[in-house]
Amino acid sequence: MRGAARAGTPGTLDAVQQSPPLGAGRYGEYGGRYVSETLIHALDELTEAVERIAMAPAFESELESLLADYVGRPTPLTEAVRLARAIDPGGTVIGRLFLKREDLCHTGAHKINNALGQILLATKMGKTRIIAETGAGQHGVATATACALFGLPCEVYMGEEDVKRQAPNVGRMRLLGAKVIPVQSGSRTLKDAMNEALRDWVTNVGTTHYCIGSAAGPHPYPELVARFQSVIGKEARVQMLARTGKLPDAAVACVGGGSNAIGLFRGFLGDPSVRLYGVEAAGHGVPSGQHAATLTAGRVGVLHGSKSYVLCDEHGQIQEAHSISAGLDYPGVGPEHSFLKDSERASYVSATDDEALAAVALVARTEGILAALETSHAFAKLGEIAAEVSKKLERPATVVVCLSGRGDKDLETLLERLL
Amino acid sequence: MGRIDDVLARRALGQAGDGPHTKALVAYLCCGDPDEAGSVDLAVACAEAGADVLELGMPFSDPTADGPAIARASQRALKSGGGLDATLRVARAVRARCAAPIVLFGYYNPLFVRGEETVVSLAAEAGVDAFLVVDLPLDESQSLRTRAAARGMGVIPLVAPTSRPERIALIAEVALRFPIPFVYYVSMMGVTGGAGATDVLAEASRQAAHVAKLTSRPTVVGFGIDSAAAAKVAAAEAAGVVVGSAIVRRIEEGTSPEARIDAVRTIVSELREAL
């Protein structure tokens with residue numbers, strides 16, 4: 001639990017400093033706690049538990065052991081030579097390309113880093129029941145996995161639409177002993193699953209920990225999730241230095257709520273030479289209105305407990321997002337990303353459904369890696385990002401991408417669209 | 001002294017002009033469900049049948065603190081063109097037809113996106129007396145209460161069974177500087193629309209009395225009050241009750257404007273009699 005970006009001090013982070021206090025949960029004007037009074041006590045209790053338990057050395061070493069022996073950390077850093085040449089045949093914009101292999105984590109995505117951290121914390125808080133929301137199902141699977149490991153009952157809220165398109169993950173959760181509750185309200189995707197999980201939590205808050213999977217929600221969740229995911233960036237930084245003798249020129253990740261991206265970025269926030277790029281889901285294209293590009297096309301608002309960019313109309317009603325990838329199909333984004341965007345520490349672009357699909361095929365055939373549709377949004381924009389960075393540097397750029405998860409869960413969509 | 005303070009004070013003394021009833025009845029309905037004109041008639045019917053204060057709900061796409069009844073009502077209202085503007089039009093029309101105080105009830109995003117200053121000004125012009133913003137706890141509501149106070153309007157805070165003493169002390173402190181017409185005590189953990197067990201509502205009533213003592217503000221009990229009997233228990237030691245989902249369900253079940261108004265009159269009259 002180290003390496004937090006403090007609000008108002010962009011770029012001053014020292015990645016190896018001791019765990020700083022949690023703070024007030026503000027990233028500039030973003031974040032906060034926009035929840036009913038009924039949840040304030042639970043959020044206070046969680047904040048105190050993070051400070052008292054999760055930031056103690058004993059907890060950190062227990063979690064480190066779990067991440068090593070159970071998750072398989074550190075995850076490898078793979079150089080992707082053929083992919084780099086396929087995107088940039090002349091080698092003029094991409095010098096070297098590295099993949100941070102979160103797809104090789106147990107359960108197949110970075111989500112386990114946070115789920116294990118939160119469930120370990122929940123057991124120490126004396127919670128006896130866990131709930132979670134999930135979009136692509138990766139956070140649901142990760143939470144179900146951690147609950148099985150600790151012997152806790154787990155209920156996962158999942159939009160009915162996502163239950164259909166991510167059937168393999170629904171099966172995995174059930175095999176792991178979790179109960180999957182299909183949510184039929186609204187757009188029947190991640191946003192509605194989160195609404196329903198919040199309703200459950202407020203009803204059962206005494207016994208239940210709500211394991212939020214994204215770096216979103218009311219304070220302390222964005223900070224808690226970012227710290228548990230910061231292991232991605234910390235490892236990547238060390239690995240890049242070991243492999244190349246220097247820091248990368250750019251770090252790239254896909255952004256839905258933004259947990260893998262903030263995890264990667266936290267490793268490099270204090271390194272101004274490392275440009276940070278987030279890639280959102282443009283769905284059918286931003287002009288079509290059917291997209292999930294919250295930072296690209298949204299406005300500042302309040303959703304699910306924090307102030308951040310959101311997709312909403314001029315009356316403040318939340319709009320339905322669209323993305324082929326269930327994990328990015330969310331009309332909000334974590335508050336720290338909003339802060340990083342406004343402060344221009346990070347840049348955010350977007351890739352369409354079709355671009356992401358093409359990237360899945362390209363990565364599979366050049367590197368032998370079937371990446372998740374979510375992750376593939378990041379691959380889809382690598383050429384453009386590298387061109388921008390190399391132009392400024394006047395040399396080919398070294399880029400690290402967070403390969404946040406594997407694509408097995410997307411097989412049905414991929415077979416239908418790509419073969 | 002604001003309109004709500006005045007109404008609650010008279011009610012507590014049994015001087016509301018409808019007999020020896022001393023407990024306040026706050027009635028919620030979702031504006032635009034089933035349509036804007038219908039909401040005006042239904043709100044006026046609530047006031048005529050004995051509601052002391054009207055809570056006009058602004059429908060929101062993601063009402064996370066509400067149960068299925070109000071969530072469905074919000075969806076119907078949004079489909080019929082409901083939202084902040086429609087709710088303010090309902091408020092203005094209701095204000096023209098009856099004197100009952102109006103609380104604008106909703107979630108924060110529609111207020112934030114329009115701008116607090118603009119909303120406060122529009123609400124003041126529409127005859128609104130106070131705001132209750134579910135997802136804007138005390139810590140986040142300073143600017144809204146400052147702006148509202150400048151126009152003579154209050155912001156109503158919630159207290160939950162889990163609220164620590166320092167939260168209630170904070171309300172007491174805020175109440176010294178800003179108008180807090182009443183405090184809303186949430187009877188049980190959960191969303192709106194449940195049926196509160198008698199012992200839970202009785203305990204909530206005792207707790208509300210305690211909060212009233214600490215804050216020197218009238219405290220009403222809401223959540224889980226679905227019948228006249230439940231209202232009586234919840235109001236026993238409190239200043240009154242808030243009833244929402246029970247009214248919203250009558251509106252949902254009504255098959256014509258007349259049937260809806262009759263059903264709402266009936267439930268509100270029953271509640272009034274019990275209080």
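These legends describe views of a predicted model. Local features need pLDDT of at least 70, side-chain atom pairs count only at pLDDT 80 or more, and totals for chains, interfaces and linings use all residues. Residues are numbered from 1 along each chain as its sequence is written, chains are lettered from A, and side-chain values use heavy atoms, without hydrogens and water.

**View 1. The fold of chain A.** Chain A holds 17 helices and 14 strands. Both are DSSP runs: helices are H or I with at least four residues, strands are E with at least two, and numbering starts at the N terminus. The C-alpha trace spans about 60 × 45 × 45 Å along its principal axes.

**View 2. Inside chain A.** Of its 419 residues, 64% count as buried (under 20% relative accessible area, with exposed over 50% and partly exposed in between; 1.4 Å probe, protein chains only). Take the contacts (heavy atoms within 4.5 Å) between residues at least 6 apart in sequence: 75% join residues at least 24 apart.

**View 3. B:S187 in its loop.** B:S187 sits in the loop between β7 (183-186) and α9 (198-215) of chain B. Is B:S187 buried or exposed? At 5% relative accessibility, B:S187 counts as buried.

**View 4. The neighbours of B:S187.** Neighbours within four places in sequence are left aside here. The contacts of B:S187 then include B:P161, B:V200, B:L201 and B:A204. B:V221, B:G222, B:F223 and B:G224 also touch B:S187.

**View 5. Confidence.** Chain B averages a pLDDT of 96 (the predictor's confidence in each residue, from 0 to 100). In chain B, 100% of the residues score at least 70. The complex gets an ipTM of 0.95 and a pTM of 0.94 from the predictor.
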